[in-house]
Amino acid sequence: MQNILQQIGIENYIYLSVILFCIGIFGVLYRRNAIIMFMSIEIMLNAVNLLFVAFSTFHQDAQGQVFVFFSMAVAAAEVAVGLAILVSIFRNLSSIDIDNLKNLKG
Amino acid sequence: MSLLTIFYILSAITIATAFLTIISKNPIHSAIYLVISFFSIAGHYLLFNAQFLALVHIIVYAGAIMVLFLFTIMLMNLNKEDEPHKKLATKLAAAVSFGLVCFVMLAVFIKAMPIIDTYKQTGQDFQSIKVLGKVLLNEYMVPFEFASVLLLVAMIGAVLLSKKEKSIQ
């Protein structure tokens, strides 16, 4: 298990992260359900975390993994607050379709 | 089975379930697919021998965040497939921008590949739970404490936001 990057190669992980990140972008643009958009944001965060861990192994340095730990804490906080906002939107509009949120449009 | 085969299987599961998360109509199905995607990413962390992150990833993402998602979906009673569709032009634009961003980023990284120097194995232990704990509590002590403050603030904010407002008489 020690020589994983010699067998797999860092480039495969870069390609995987790029594809995952683009799937996240696609989800944000494609859906109008706000919960699915949140899930797409989680996918994007995970893609970046995966690349952090890959390069942490590449450089044999623990700091990348510490950073991933902090980003997980921030993701947990973000999801808690975001879902609370979604619940209050749902109470007011009785839907979470983001196209209904155009009160500020004038 | 070689590591490369395991990597390809895990990557296929990750990408397919991430895509199904976005495509599937029912939000509950999306959440379930997202759980599978998170588990396969934890498998990637295990391939890197990053035990601490694999454990934390399963606990935080597959445990806490997904339960929160499922709970919210069931609270709003969204498990029906009545979502109105976007216009075809918007969908087409989303697909085109997905393809373009993917193409540009992959092209950039393929071009950049010869610059990255080769992987050197130093053989020292840098990612076991013991070493990570020492790094976390020595060099990153202050950010670690700030993370706890952040979680506390997020908890208070979530409670305040989802509290029912008093109706004006």
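**Briefing: chains A and B of a predicted model**

A:Gln60 is located in the loop that joins helix 3 and helix 4 of chain A; helices (H or I, at least four residues) and strands (E, at least two) are DSSP runs, numbered from the N terminus. The model is predicted: local features need pLDDT of at least 70, side-chain atom pairs count only at pLDDT 80 or more, and totals for chains, interfaces and linings use all residues. Residues are numbered from 1 along each chain as its sequence is written, while chains are lettered from A and ligands numbered from 1 in the order in which they are written.

**Loop residues with positive phi**

- Most residues other than glycine have a negative phi.
- A:Gln60, which is not a glycine, has a positive phi of about 55 degrees.
- A:Gln60 counts as partly exposed because 16 other C-beta atoms lie within 10 Å; a residue is buried with 20 or more other C-beta atoms within 10 Å of its own, exposed with 12 or fewer, and partly exposed in between, the C-beta atoms being placed from the backbone.
- B:Asn49, in the loop between helix 2 and helix 3 of chain B, also has a positive phi, near 65 degrees, in a residue other than glycine.
- B:Asn49 is partly exposed, with 14 other C-beta atoms within 10 Å.

**Chain A**

- Chain A contains four helices and zero strands, in the order α-α-α-α from the N terminus on.
- The radius of gyration of chain A (taken over C-alpha atoms) is 18 Å, well over the 13 Å that the globule rule gives for 106 residues, so chain A is more spread out than a compact globule. The globule rule is 2.2 Å times the number of residues to the power 0.38.
- Along the principal axes, the C-alpha atoms of chain A fill a box of roughly 55 × 25 × 25 Å.
- Buried residues make up 48% of the 106 residues of chain A.

**Contact between the chains**

- Chain A contributes 63 residues to the contact and chain B contributes 67 residues; two residues are in contact if their C-beta atoms, placed from the backbone, lie within 7 Å.
- On the side of chain A that touches chain B, helix 1 (4-8), helix 2 (10-30), helix 3 (34-58) and helix 4 (63-93) each give two or more residues.
- Helix 4 of chain A gives the most to this side, with 20 residues.
- This side of chain A divides into 44 nonpolar, 13 polar and six charged residues, where Ala, Val, Leu, Ile, Met, Phe, Trp, Tyr, Cys and Pro count as nonpolar, Asp, Glu, Lys and Arg as charged, and the others, Gly among them, as polar.

**Largest nonpolar core**

- The largest nonpolar core has 60 residues, of which A:Ile35, A:Val53 and B:Tyr45 touch the most other members. Such a core is a set of buried Ala, Val, Leu, Ile, Met, Phe, Trp, Tyr and Cys residues joined through C-beta atoms within 7 Å.
- Helix 3 of chain A gives the most to this core, with 13 residues.
- Domain 1 (1-75) and domain 2 (86-169) of chain B both give residues to the core, so the core lies between them; the domain bounds come from an automatic or database domain assignment.
- Beyond its neighbours within four places in sequence, A:Val53 is in contact with A:Gly64, A:Gln65, A:Val68, B:Tyr45, B:Phe48, B:Ala50 and B:Leu53.

**Annotated spans of chain B**

- An unreviewed UniProt entry lists residues 6-24, 31-48, 54-76, 88-110 and 140-161 of chain B under "transmembrane region"; positions follow the numbering used here, feature names are shortened, and annotations may be inferred rather than shown by experiment.
- Residues 31-48 of chain B are 94% helix and 0% strand, with the end C-alpha atoms 26 Å apart.
- Residues 140-161 of chain B are 95% helix and 0% strand, with the end C-alpha atoms 31 Å apart.
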